[in-house]
Structures are given as structure tokens and as C-alpha cells.
Amino acid sequence: MSEIWTQRILSFSRSPSRFLSGTTAEGFLAELLRELRDDRATYSLKVLLLAPLCESPSLLCLSDSLGEETALELMSVFNQCPPKSIQFRCHLLLALTSVLVCTSCVNNRSRASQDFLDLLLQISQDTNDLHGDVALRATACDCLREMEACSPGLLSQRLELLGGLRQRETSRLHQAYAGLHTLVLRNAVYQLTQETGAGAEHLKALLGGNTSVAWEAELDLMNNKDDSAVLSSLIRGPMGSVPTLQTGPDCKELRAVLSSLLEESYLLTPLSQAALLHRLTEVVAMVPGVSPAVFRAQLLRLLGTSEVCLFHSTLLMKSAFTDSLFSAEDEAFLLQRLVVLSQHPLLSPPEKLFYIDCILSFPENRPIGCGDDALPVLLTPRLASVLVPTVFNDSATLLARLHLLCLVYLEEADEEEEEGRGLGYLYDHLTSLLRIVDNGGSREIVVTFFRGAFLFLSYFFHVERFSHSLMEELCSLYLRHTHLAPHFINLADHIQEQLSESNWATEFLKALQGAITDAELTSKDLRWHLKMLARVAEEGEIKQQSTVNFLSHIITSSSLCVKGDWRLGNFLLGVCRRLLVHPGLDALLIPLADVLQHLACRYGDTDIRDHARLYYTLLTTLSKDKLAGVLSQGYGEGGGQAKKLTFSCIVAESEGLTSLLTVHRAKKIILKLVEEPQTETCETLNQNEDNPEEASVALEQYRAQFDVPGFASEIPLNYQLTHSESADSCFDQLFSIRLHFSLTDDHYEPLGDISVPCVFRERLPPSVKLRLKPRRPQPTSLHASAIFTTQDGLSWLTDLPDVHVAFQQTFLPLPAPETWGRGGRLSLFDGLWDEMSREEPTGGATSLFCCQLQEEALKTLVEKHFLPYLVSDQSDKEEIKVLFFLPPQSHLLMRIRSEETVHFNVATDNWQLLPHINSYLLTLTSSQEDTHT
Amino acid sequence: MLPSVLLQVCPLGTPLDVPLPGAPSTPTVPTPAENQKQPAWKTGLHRGRAAVNVALIETVRSMQYGNRSRQDLWDVYGTVTCKCEVEGVLPNVMVTLTLPPNGSPLQDILVHPCVTSLDSSILTASSVDNFDGSAFSGPYKFPFSPPLEPFRLCSYTSQVPVPPILGSYQLKEEETQLRVSVTLKLHESVKNSFEYCEAHLPFFNRDQFGVVDVKVSSGQLDVSKEKNLLVWSLGQKFPKSREVTMEGKISFSGPTPGPTDPLCTELTAYIKLYFKVPDMTLSGCSVDQHSVQVYSSSKQRTTTSRELQSKEYFIWNSTGSAPVSSGQMML
């Protein structure tokens, strides 16, 4: 039994929804609860049984009331559980918490959740329980914290109790209690700030556990409000505001609680300390009556440590309290400390990156500007000089430092006329990176260099001395490493996008054009040169004569045309295409026409010749405006219209290819499968009968057929693929449809995909034949989805309504040998019947189904539903014999006799089919008269 | 097993910040009997004889260019690692670092979170600040309550006036071969007793070694032809003169190209030094065995040690261009 449960729980964990499709959530939940109550099951199994409730309570408890019931049930299991099975009891508490939290029982303060809270509090107070009480109390504390976190304010009334628990606890558990206590305290104070008229009295009552004060009635207010504020951090820097509670200076009680918590914070692990300090910072920020000075005693200890989280919590305090806790000297010290930590040899690169980031968003006491790029005033170039990037830094550090230093020297460059040596250093650094790239640096260093160049330019593009010489350096780097062309194009693109006020990118592209057209040509560089020139040709301000000359030179003076490389041809056409829409086209008309004509006549590849001819025709026959109109369509906002694709996608490379390459997801259901109307062709039986006389011989011959693998193992189901009613008109014509089916259970073998060439709304729907291969003859449903292409060339994915396979759809006519006539079938029927109705346990079963049916009605019924499966002659009125074959190897036999009532004698070799045939017969006959079995 | 571990580390899906109980190899009892709260970061209690082990390791890094236009750089940082086996829930231990009379102050001090209190003067000295001769220079007292496992009590950086080994490295391209000339000088303040001392001379972006005709005045030379690497083992001691030299010629006429590096092209080349000197520190910092105080009833056994080791200790060829390693020297 435990084996089976282990398997079931495992398969549930693997895919809960798939598992539940084979059964029902209610059923599974009931089974779980029953098994949990079962005394015979071991506790380790029971722990496993709780896993589904802990992991996916909302899948099992579909309604709040069901959650409530489940929780009550689990609590009674808990109460009956012997104290020594600690593990199980701990897991029960977790499962209860998950169920109550996920089914919003906690938020509604339902009875079960109140009982459970009482239980948890009782466990947390019970220090006398000797049976591993620590583990149970630890879990109870975790559960309380989870419930408070999910439903803030839940435990506000218990603040005093929780404080007492925390103070009395001497084991390591005090950390968990401290976490719980601070969370509840913070939520309770927040709750008070949200109530009008709440003040010192209320706070005092809250801390003293005196719940008689009036605001109790309003306790649930918090749930009605937007919870996002209470769940997130309340510290929002100098510009944000924190809700406050006006208490006046008298907050003795709160101060006592705070100092007690802070005093013991040393005993917590660093992460818990940081969390505690964060919560307490929020509390003090909300209560102006308490001075932030309560934290002062901790500060030195926090600043001295190497723990990232503790340092971060002091920065949070600084952000919340500014000069009410930190003097100007403190601020200077803190910043200095940050600079030290950003380059400390013993810290890891991620830690150092974090500290650099802290410098960039340093919470100043008196910030001058705001925005992302404001450096702290105290960060002087001298102080920052220890953070200058060097080639020995890793990429991330290098870029972070470069960014920081750019900001530092940007201010310096603005202030002083001698554009500091610092800037010169940064430039030198960039060129030394360039040297490394030049010497064959790795891909990482290449990317780092280009990012660095972008950063540098985005701050210092106006310092011509550097931006100009960087341009020259880049051009010569390009000529030595043409394969880096995509990086150069990317740099130009981004500079252009980021710095619209600068023409650096245009100048840069112009310089590249000059470098390429003047350079000595080698064949391996050509494709990169063409790519680059295509980008240059997109700039309306750059004259393109030299590009056209370059094109004309390469196609006439080299063997390019003779070789007829298709890809190179496309690169050539790519440049031409952009030239066709260039504003300076008038001046290029004749040389460009020459180039295109040459390509159209001489190029070694037909496709390229065709395109060139098209361009040539367009160029020579259309006016400039029309030409631009025709070609610029391709530059539109990504596909959608077929016209945009009339020019080869490869030629127009920059267009919205992504939209073409993406599979879009249809919002509505577009296609569906409907059953094809049955066109029953009654099988004509073999006239040259070669029938086995004896039933046993017939059985033998019949069964021998199954030795051939795959014999009669498939059920062909015919469907039509049609549009669903809701589909938009843009889906009227669909092409290359690929249907994908997935199973919802394991009764069938997986199905292969099916391709359909096209579906047009106005034409006959194409038929689709599903070949189901059953492992067990059971009804099923299939998930179906389709990927297809629309007329505009976009690909789409849509889900189809589930395909339901009814029980009667799994029937096949008897796969008798072809040579047999009716006689053989009859003897087989008898043979099978005998076997099934025998006493001995062969797995066979018989059953009787009776109903009131007129003779005429019966006749229609048989003709309508049983004709393909009929074994006896249709004229035989006395007894009708029907045989359903259900692949892979099951049979359902029926003898139908009409007496006072109609008797359906059923025999089968698979008893599990009986309920199905019963309900099938019920549906068939229910339309007639009263039925009973 | 798994459910019980999960129950302890992340009962409701969010990992808890608690170390698992039961530190290895130390005898522990889970619950304290006293009234003192047990720190959450302490996984149990020590029972038995008290023992404190304090190890001070200083690391020196250097970039030497042998070039007037570029200032040589070196820096030193130290770490103090402790292992304390002391009875009690929250025992108090104090470790004191001392400097020689005119030693330069320890800077950028970082401490372990278990240090209970810090004097503000300890944190003031910083490597990024203007050097201030009047700064606090010890003794540096660190009171703490130790966790069970070994931990890094504190770390610091220090500015020392000279590098322990000053080197010069010169390469000259001579037709088909490369002339190599190296001098290494051990500073007189450094103890001439190494655990090991090796100089590695890699050569990049050239063909493999052909003929290596190199003489060293002391120590032993290994030639690795596959890696284009010369390894010069100097052994435990420099000679009396505290100076060693290497002279010779290398031809790169091997059949296949050697290793490549985008940084070290042409005459850009370096020597990397690996050494360790036991029982000394460059800053002069030390932990006196008798200054370690344990406030507990039983007498403890204290061991202290110190050593100096190198890391990223480069000497660049002065005839080639060397990469800049810190902006400070440019500004």
C-alpha cells in the first residue's frame, strides 16, 4: 500500500494538473485525509502524504469552505497524534498553514484559522513538553510568521505575549521569535498609522497587551486596503514619505521594546540581524516620537563588519533618518568606507560590484540633484581615483568602474578648463583595451571594449580631442578585424539612439565608408564591408558616390560575378536596395543603374540576377517618390501585410524580421475539430466462404492473427478541421497547419503530429484522420494545438478545443480473417461467448441489461448504432448478436432478445468495460421508454 | 531524511537563516543549561580543554616596471584567522594586534560579526584617505565571542615603504633570439628564510622554445618547452649578497606555436614571483601569545603563527610596454 502511495505522491509532485486530470481533486483530497487517519499507515508515509497539501493546497481545496473543512480535519488528526511523532506533527502544522493561507481562510479570520492560531500560540508557549519540543516550537513559530506575513496585522493583539516568549527563550530559537516579534510590531504600528486619531494611548495599549481599547473593532481594516504598501519596504529614500503615528515624546514602552531587541541583535545571524534592523528602522521612521539615536550604539559594530547585509542596513538607516542619525563626518566616513570596500582585495567581485552600486545611489543627507546619475558630492576625483578601471579587472567590474569614473570626470571636465588628466587616463585605458582586442582578445573582452567605448562616448562625445581620435582608432581596428563589423554597427546604432544631439555616429560611419572604399580589398573582408556599407547607406546625410564606385569596382574587376555566390549577391543587393531609397539618389542614378544592370546580366546566380533586374526596372521606370514609396514599405513596423514580403527577406535584412521569426499566440480559438458525419458502408461479406466449422478452430484462427505486431491495434477517427466561429477574418486562409495532440491520461500511446496543407473558410473543410492506439479501451480526451501560417507569412500558435473520445468511438468491427463469411463469424462469437461465461476465472464477465422497447424502436436502434458490429444476419429477428472489438484485445459481446422486455445479454473478457457499456446502453435506450437494469 | 532537512532549512519555501545544528568533530550539546541566550550562529557548545589558535597571514602584491615614467606599486593585506575551542554559551575572548614602535597604522580594518565592540579609532585609518602620521597605531583590541568553527576575525591593509623583493627584467630582441636578463634583490628587512620561492617566466605569442641557453647565479632552472615557460626555483635562501641574476639567450625555433595571450605581445612580458616566508610580516604586525585573553575558568592553550606570502607579484619587462594596473600612479 505504501508503495502505491509513494508512487502516486511522486506522480502528483511531477505534474499536479496532469495527475488530477486522471482523478478529481475532491476525490484525491478525500483519499489523502482518509489515509492520514488510518492507524496502519506509518508516520513517514503520512509525512509524504502531506506533501500535496503543503505544495499545492489551492489545487486540492477548490473553495474556501473546502479549505476550512480540510483544516478542521487536519487539526483533529493533529490532536489525535501521539506527542512523540514530532516530524509528522511539524509537517501537519505546515500543511495546515499552507491550506489556511492559500484558501484565504486566514484573511477572513475563519473559525478554523482562529483555532489554528490558538493552537500555534499554545505550542509556542509550551516549554515543558520534553519530546523534542524545540523542533515543534520552531515550526509553530515559522507558521505564525508565515500567517502574519500573508495577513499583516493578524497577530497585533498578541504583541505582548510574543515579546515575552522572545525574552524568555534561551535556545537558538530566540532568533525565530525575534523575527516574528519584529514583524508583528512593525505591522501593528503600520496599522495604527492608518487609523485616524490613533496615538500614544493606542500604541501603549498594543504593547501592553491591553486589548480593551476601542480600536479593536476596526481590526480588519487592513485587509480592505491595498496591501502592497504594508508588504513592501516603507523606506523610500529622502523623497519618499512614510506614514507616521503622532505620539508625542512619551513612548517609553516602545523604546523599551526597541532597545531590548537591539541589545540582543548581536546574537542573531547576520542576515536575521539585517532583517530585524530593517523592520525596526521602519518602526522608528513611522513613530517620530522615538529618536533614531536608539540605533547609535549598534552603528560602529555594523560598519566594522565585512558582512554585506549589515553594511546595507546602515545605508537603509541613513536613507531613512539622514542627519538625525548621521552627522556630516559620519557621512564622509561612510562614503570613504564604501570606496574602500569597493576595491578591497579580500572581497569577491559581486560584493565589490554591490558596493560600487551603493556609491552610485548613496543616500546623502542633503542631496543636491536627484536622478540616477547623481554622484555624492563628497566623492572627489581624488577619492575615486582608487577605483579607476584597469585591464586586470573582470569585465563587470571594469565597466562599473568606468561608469563611475566617467561620472566623476564629467563634473571635473565641466568645472575646469584643463580637461583633467583623469579623462586622459580613461581614454588611455580604452585604447589599451583596444590593443587587447586588436591582439585577438576573447569575445568577452571584445564585448567589454565596445560597451566601454559606448559608455565613454555617451559621456564625453563633446570632448572632440578624444571622440575624434577614438573614431580613427576604431576605423583602423575595423580594417584589421572586419569580422567585428556587427559590433561596430551596433555601437553606431546605439550612439545614434542615445545621443540624438550628437552627430558622432554619422561621422563615424562616414569615416568607415572612407576607410572601406580606400582600402586594399581582400575577398574574405568583402561580406563585412558590404554589411557595413549597407548600414552607411541608411544615413541620408552621407554621400554615397564612393559606395557606388566601390560596388562598380568590385563587380567589374574581380571574379565575383563569375563565382556567383548567392550570399555575397544578397549582400550586394542589400547595399543597392538602401541606395535606391537614399535621398541623394538623383546623383547616383546612372552609376547605380550600371551596377544593377551588370548584376542582372552577369551575376552567376539566377536569383540574384532576377532581383537585380527588378531593382533595375524599378529604378529606371519609377519616379523617385514612387520608388521610395514602394521600397519603404519594407521598413514599416514589422510584418502583417503580404506586400511587405514581396522583396526577399534576406535582401531587406533590417526589417522587422523578428515578427516573422516569432510564433505568435492567438488570443482566441481559431480552429476546431468536428466529427466527420458517418458514411457507413456496410461491409459485404465474402461470398466464397471458407469458414471453420468448429468454434475452437475459429478461435484459434482468429487469435493467430494477433501474433502479427500491430494487428488491429488502431482506432481510426475521422474529423474535419474547420474554423471556429470566433475566428477573425484575418485567419480566413490558413496554410501549413501542424496539429499537435497531447494525452491527458496514459490509456493511449502518444500521437504523432498531423500536417494539413491549408484551411480556407469558404472551401470544404479538410478531413483529419486520428489514429489512436489504445493501451486500455477507455474513453479519453486529447489536448490539441495547432501551429499555422497566415497569408501575411506570420506563424501562429492556437489551442483547439479538447477532442473527446467517447466509449463507443473505441469500438471496431470484428477483425475476422478476410476469407471468412458469416458462418465463421458466428462460430467465433459462440466460441468467445462460451469462454467468457465459463465459471473458471478467465477474467470474463457477463451482465444483463433490460429495458422496455418496441420492436420497431429496437430495429432502428440496431440499424443506427450496431450495424457495423452485427454478427448475426439482419433478418434474424429472434436473437441479434453484436460483437464490439476494442483494441488492443478486448471484446464485448451482446445477445439481444426481445421478449416482454428487451434483454441485452452482455459478455466480455474485460470486466472493467461493464460500467461503460452499461451507461452507453442507458443513453441509447433512454430516449425510448422506461429502462431498468 | 529529506523532509526533515527541508523542515529545518526552509519549512514554508523560504530558506531560513539558521545553521544546522551539530558542528563536525567538536563535542557539542544542543541546549544550554544557563540563563544566557545561545547565539543563533553558534551550533552547539564546546566541552573540554580550552584551546585558541590565531593565525596571521599577510599577502603582498606587486607590479614592478623598472621604468622611471611608471611608479612601481605594491600593497600588503593581512588576515587573522582564529579557531577557538572555549567552554560556555557566550565566552569572551580578546585578541590584540600590535605593531612595532614606528610601524605604519593598519588600515581598512574589517571584522567578523562576532566581534562585540569596536573602538572608533580602529576604523579611522583608511587607504583612500590622506596618509596621516598621527593616526592611531595600536594596540588593536578585538573582543569577541567565538563561533565553533574557524573564522576570519579581522583583515587589514598596510602601507609598507619597500617591496620585499625588488626585481628588474630586461628583454632584447636579437635577430633570431631573445636576450634575457633578470636581477632579483631581497630587501634587508626581510627574513632570508623561505618556505619556497619561485620565479615564473612565461613567453607568449611566439613559436615554441628552440635552444634555451640561460644561466642563473643561484637556484635551479626548469624549462618547459610545451608551455614556453621558465621556472626558476630559488630554494629556501637567497645568497649572502641577497641578489640573484639570470642571464642568457632563448631562440624560438620550435616546430609549433606556443601559448598565446592578447596582453603580452611583442616585448610585453612579465616574471611572476611565488614565495612564502614563515614567521614574519611586512607590516610588523603580530599577535603575542600572551596577549590572547580568554575569560573563562580553565586555563587555555594558545598558539599563534604568522607568515608572509605573495600573490599577483609581477615584474614587467622594462624594455616593453606594460599595462597600467592602477590609476593612482597616473594621477
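**Entry 1: the salt bridge between the chains**

I looked for salt bridges across the interface of chain B and chain A, and the rule finds one. This is a predicted model, so I take every value here as computed. The pair is Lys37(B) with Glu264(A). Their closest N and O atoms are 2.8 Å apart. That is inside the 4 Å limit, which is why the pair counts as a salt bridge. Side chains of opposite charge can pair when their charged atoms come close.

**Entry 2: the rest of the interface**

Next I counted polar contacts between chain B and chain A. I noted 15 residue pairs, with both residues at pLDDT 80 or more. Then I asked which elements of chain B each supply at least two residues of the side that touches chain A. Two are helices: helix 1 (2-9) and helix 2 (120-124). The strands are strand 1 (51-64), strand 2 (73-85), strand 4 (107-111) and strand 6 (151-158). Strand 4 of chain B gives the most, with four residues. I also sorted this side of chain B by class: 32 residues are nonpolar, 21 are polar and nine are charged.

For extent, I took contacts and area. I found 62 residues of chain B in contact with 62 residues of chain A. The area buried between the two chains is about 5100 Å². Carbon and sulfur atoms give 64% of that area. Which three residues supply more of the area that chain B buries against chain A than any other three? They are Leu12(B), Lys37(B) and Val128(B), and they supply 15% of it.

Phe333(A) is in helix 20 of chain A, residues 328-342. Leaving aside residues up to four places away in sequence, Phe333(A) touches Leu303(A) and Leu123(B). Phe333(A) and Leu303(A) are 30 residues apart along the chain. Their C-alpha atoms are separated by 9.9 Å.

**Entry 3: a salt bridge within chain A**

I widened the salt-bridge search to all chains, and the count by this rule came to 44. One of them joins the side chains of Arg137(A) and Glu169(A), at 2.6 Å from N to O. Arg137(A) lies in helix 10 of chain A (residues 133-150). Glu169(A) lies in the loop between helix 11 (159-168) and helix 12 (174-193) of chain A, so the pair ties together parts that are 32 residues apart in sequence.

**Entry 4: a sheet in chain B**

I traced an open sheet of four strands in chain B. Its order is 7-8-13-10, and the pairing is antiparallel. Strand 7 (165-174) and strand 10 (212-216) stand at the edges. Each has a single partner strand, so one side of each is left without a neighbour in the sheet. On average, neighbouring strands of this sheet are turned by 10 degrees against each other, direction ignored.

I then checked one pairing. Strand 7 and strand 8 (residues 177-186) of chain B pair in the antiparallel sense over ten bridges. Gly167(B) has Leu184(B) in strand 8 as its bridge partner.

**Entry 5: a sheet in chain A**

I traced an open sheet of five strands in chain A. The order is 1-8-7-4-5, with mixed pairing. At the edges I found strand 1 (663-665) and strand 5 (754-760). Each pairs with a single strand, so one side of each has no neighbour in the sheet. The twist averages 35 degrees from one strand to the next.

Strand 4 (residues 733-743) and strand 5 of chain A run antiparallel and are joined by six bridges. Leu739(A) stands opposite Ile754(A) in strand 5.

I looked at two loops of chain A. Where is the cis peptide bond with omega near 5 degrees? I found it from Pro887(A) to Pro888(A). Pro888(A) is in the loop between strand 10 (879-886) and strand 11 (890-898) of chain A.

Ser104(A) is not a glycine, yet its phi is positive, at about 50 degrees. I placed Ser104(A) in the loop between helix 8 (86-102) and helix 9 (111-125) of chain A.

Notes
Residues are numbered from 1 along each chain as its sequence is written. Chains are lettered from A and ligands numbered from 1 in the order in which they are written. This is a predicted model: local features need pLDDT of at least 70, side-chain atom pairs count only at pLDDT 80 or more; totals for chains, interfaces and linings use all residues. Side-chain values use heavy atoms; hydrogens and water are left out. Contact means heavy atoms within 4.5 Å. Buried area is the accessible area (1.4 Å probe) that two parts lose on being put together, summed over both. A polar contact is a pair of N or O atoms within 3.5 Å; within protein, one must be able to donate a hydrogen and the other to accept it, and residues adjacent in sequence count only if both atoms are side-chain atoms. Ala, Val, Leu, Ile, Met, Phe, Trp, Tyr, Cys and Pro count as nonpolar, Asp, Glu, Lys and Arg as charged, and the others, Gly among them, as polar. Two strands pair if DSSP finds at least two bridges between them. Axes are lines fitted to C-alpha atoms, for helices over the stretch in contact, and angles run from 0 to 180 degrees between N-to-C directions.
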